[in-house]
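Morning, everyone. Please look at the screen for a moment, and then we will walk through it together.

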Amino acid sequence: MNIIFLTLGVSIAIALLFLGAFIWATKKGQYDDLTTPSQRMLLDDYEITETKKDEKEEQVK
Amino acid sequence: MKNTTSSTGIPRGLPKAAHCLHCGEEVDLSNVVFSNGNYFCCTGCSSVFELLNTLGLGNFYKIKEEQNIEKTGRPIDPEEAEEYGYLDQDNFINQYTSSEYPLKMDFYIEGIHCGACLWLIEKIPDYAPHIESVSLNMSSNVATVNFKDEKKFSSFPEIVKRFGYKAHPIKIDEEAQELKRKENRKSLIRLSIAAVCAGNIMLLSAAIYSGAEGIFAKHFGLLNLLLSLPVVAYCAVPFYKSVISSLRSRRVTVDIPIVFVIVVGFFLSTYNYLNGNDQVYFDSVTTFIFLLLASRYFLKSIQERITRKEPASRLLFSQNRILIWDNQNKQFFLEPIEDLRAGQKVKLKKGERIPLDGKLLSPDAELNLSVLTGENIPQTVLKHDVIYAGSILESEQAIIEVTKTGDSTRIGKLLDEVEKNYRSKISSSTYSDKFAAIFTLLVGVIAIISFVTISTIISPATALSRVMAFVLIACPCAFVFALPLSLGFSLNSAVEKGILIKSTQIFEKLPHVTNIFFDKTGTLTKGVYKILKWNTEKLSEYDQAAIVAIEKESSHPIARAIVSHLGDKDVKLPGVTNFKHIYTKGIEARVGNHIYEFMSDKDIKSSNDINEIITTKIVINKDGETLSELYLGDSLKEDAKFVVNLLRNKGYKLHILSGDNENNVKQTALKLGIAEEDIYWEQTPEEKALIVKGLKHSMMIGDGLNDTSAFSSADVGVSVQGSVEESLKVSDAYILNNNLINIADLLEHGNITKKSIKRNTLFSVAYNITAGTLALLGYINPLAAAVLMPLSSLLLIGSSLYGQNNLNQKRQGAIL
């Protein structure tokens, strides 16, 4: 039954691994803004449609 | 809505309802902008539409369509937004950038609504030559912009201005921002560690409870002890800190019994484990801490979504520089507003909000005083008259001598007062703090009595273990989990309905409200000044064209209303000469050989229409003879009468509190059936606050800065219009979609939250009596605690959710 201690050690090690990953992600700021990224990923496919370049530059100016 | 066709003369062939292609607002067909086969509500919307298409940003509308976004709000008039050239000057660059990132600037953006806005803003670097990258945070509406060139910071706000958003540069306080961010991350890390440890402890404890013995029990117990160490020593730190500070200020908070449970539970369990005793509660203690941290994190994150960090006065005075007279160079120079001193002379231009108290030096000026009166119709002030900060200049320009600046201006003092009132409101003890005081006292007393009794009857050792079990299991759950959850759920569902709530304390006050004060203009009425009655059929084409031509010379709201009423007909407008204002009476001008006069007449009869409030009568004279008469005014919001009746039937006492004149307020009260002794007219902001203070259990509903001191004097202040950020600084709740019915909803929310709190309290009392008695009689062992404690928490969470469902169902019932 000593195998239990091995599995226990492994399971706690895995738990700590995931905890570490979570803490790393938090410190990197991945949970700072939960609203925008979920929107942003939906908008990846939309591009600016081509227009005459000089006209565009004129507008920006 | 009824008589519009006859009185405004819309062609009958047009569809009855249309929506603006850009902002999605319903278009008033008497005032529609029709361009390239599309309807727009205003030229602002149509020009943004054209601009987006020329820039190849037409996908904005595709995104809106695919995400089912109907309304995006009207674009801000580019004329209204400030010019940003000052951002490129060195003294401003230093204020708004940090030395670490000299090319980075943060902007608070007004007018962000949805994913389509996000796309529009973040695509800017693709075509703007000076901008490296833009990243927008939609929960705070702050865009972080990296620039390519050092002195082109103005390019970003100039671009978004043309899309209809307003950008305010934010002074970067890196330290404060960083601190807040770190605090947020830390609480998330605390929560995650508590989750991992409590979860593993539960698994190991389950093995112990189901009969693990000998070496297993011993090692599992040791692991439990080790795993609970970080939870007690690190995750629970915020509770210790809060207890220390509350002890210092000699206040009892709900955190005291919490810390007591944690400390007793942990040390008792450690002691018992080391002595080979099986009274070990590591699982209960850690689960308790985890649930606590989770419920607080949840409530905090909802609250943070609503409250913004910008100070009200900064948003009010959005311009950052002003033209100050330089005596040496005999010229006006653009200087930072912070440098303004009393005695200086400043020059202001049309549309600017005056950031100082002062005396007018120009012969006369037109000012919009809505900040003090709530009325949008400009008033004329003469030389040497006093001018208050917050007014908006409506005439071309004005030169003013400064008497007071910043916080010492009348409006500055008002806002200061408001802030002070709020601080004292918040520091008053809450329901849960009062409960905590009683709870802690009661548990303490029972524990001591029981200890003495049990040790005389049985033995001191038994007494100690039973009393400890009692303290541990007597849990203030109703207040540590259920209250934040109930409040959090209420907040969330209020937000979904368009009611933003600043402080959850509002829910404790709402059920007591008996007096409701309404501001008039913009709250009960639409606050839109337009022509209500005017028979234009008798007017000849020539007269109509002459009237439009004359009124186009003026920017007064009456003139604008007349021009938009007669519409932009494709007639050639005649030339206007000798245009002049006749002080307080009207205007006069010559067209061709005729002299036209527009005079206001005091002889006003009230309108028969149930919603219309006539405030002004204008008589048009041509060569001394009366040509036509027209009536202008405001109208009640569509649901005003319904909501007023609903609230009256529910037993609330209703009042009107307005800065407008007697006649207009009386007309409004009459139409709504509010008694004459309950209405107040021509009230200054200071007087409004006094009246509200005079009556107990009051709620103030208003729309502007002139109501702010009344908001803070009332138990509950609700604002219904204006910018969210400004309003939430000064009121308890903000109603987004301008529907008065939400006021009734808000009151209902208060009642239901109170009921749910009551139910939770009752349940918690019953639980504590039962479990406490069992503990003192010696029936509670760790297994019973491990089952009972989470079970009671779950029941309370369920009860809070149930209250919420109840509310939603009730709402649907009301809508159907």
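Which residue follows α23(B), and is its phi positive or negative? The residue is B:Gly673, and its phi is positive, near 70°.

Some ground rules. This is a predicted model, so to speak: local features need pLDDT of at least 70, side-chain atom pairs count only at pLDDT 80 or more, and totals for chains, interfaces and linings use all residues. Residues are numbered from 1 along each chain as its sequence is written, while chains are lettered from A and ligands numbered from 1 in the order in which they are written.

Start with chain A. Chain A has 3 helices and 0 strands. Helices here are DSSP runs of H or I with at least four residues, strands are runs of E with at least two, and both are numbered from the N terminus. Along the sequence, the pattern of chain A reads α-α-α. How many of its 61 residues are buried, as a percentage? The share is 0%. Buried means that 20 or more other C-beta atoms lie within 10 Å of the residue's own; exposed means 12 or fewer, partly exposed is in between, and the C-beta atoms are placed from the backbone.

Now the interface. 25 residues of chain A are in contact with 29 residues of chain B. Contact means C-beta atoms, placed from the backbone, within 7 Å. On the chain B side, α7(B) gives the largest share, 8 residues. By class, that side has 15 nonpolar, 9 polar and 5 charged residues. Nonpolar covers Ala, Val, Leu, Ile, Met, Phe, Trp, Tyr, Cys and Pro; charged covers Asp, Glu, Lys and Arg; the others, Gly among them, are polar.

Next, the inside. The largest nonpolar core has 129 residues. Such a core is a set of buried Ala, Val, Leu, Ile, Met, Phe, Trp, Tyr and Cys residues joined through C-beta atoms within 7 Å. Again α7(B) gives the largest share, 10 residues. B:Phe517 is among the residues with the most contacts inside this core. Leaving aside neighbours within four places in sequence, its contacts include B:His655, B:Leu657 and B:Ala714. Another core, of 42 residues, lies apart, with B:Phe40 and B:Tyr108 among its members.

On to strand β24, residues 653-657 of chain B. In this strand, 4 of the 5 residues are buried. β17(B) runs parallel to β24(B), joined by 4 bridges. Two strands pair if DSSP finds at least two bridges between them. One bridge partner couple is B:Asn515 and B:Lys653. β24(B) is also parallel to β25(B), with 2 bridges. There, B:Ile656 has B:Ile679 as its bridge partner.

β24(B), α23(B) and β25(B) make a right-handed β-α-β unit. Right-handed means that, with the strands pointing away from the viewer, the path from the first strand over the helix to the second runs clockwise. Buried residues of α23(B) include B:Val665, B:Ala669 and B:Leu672. Their cover includes β24 and β25 of chain B.

β12-β11-β14 of chain B form an open sheet of 3 strands, and the pairing is antiparallel. β12 and β14 stand at the edges with a single partner strand each, so one side of each has no neighbour in the sheet. β11(B) and β12(B) pair over 4 bridges. B:Ala365 has B:Val381 as its bridge partner in β12(B).

How values were computed:
Two residues are in contact if their C-beta atoms, placed from the backbone, lie within 7 Å.
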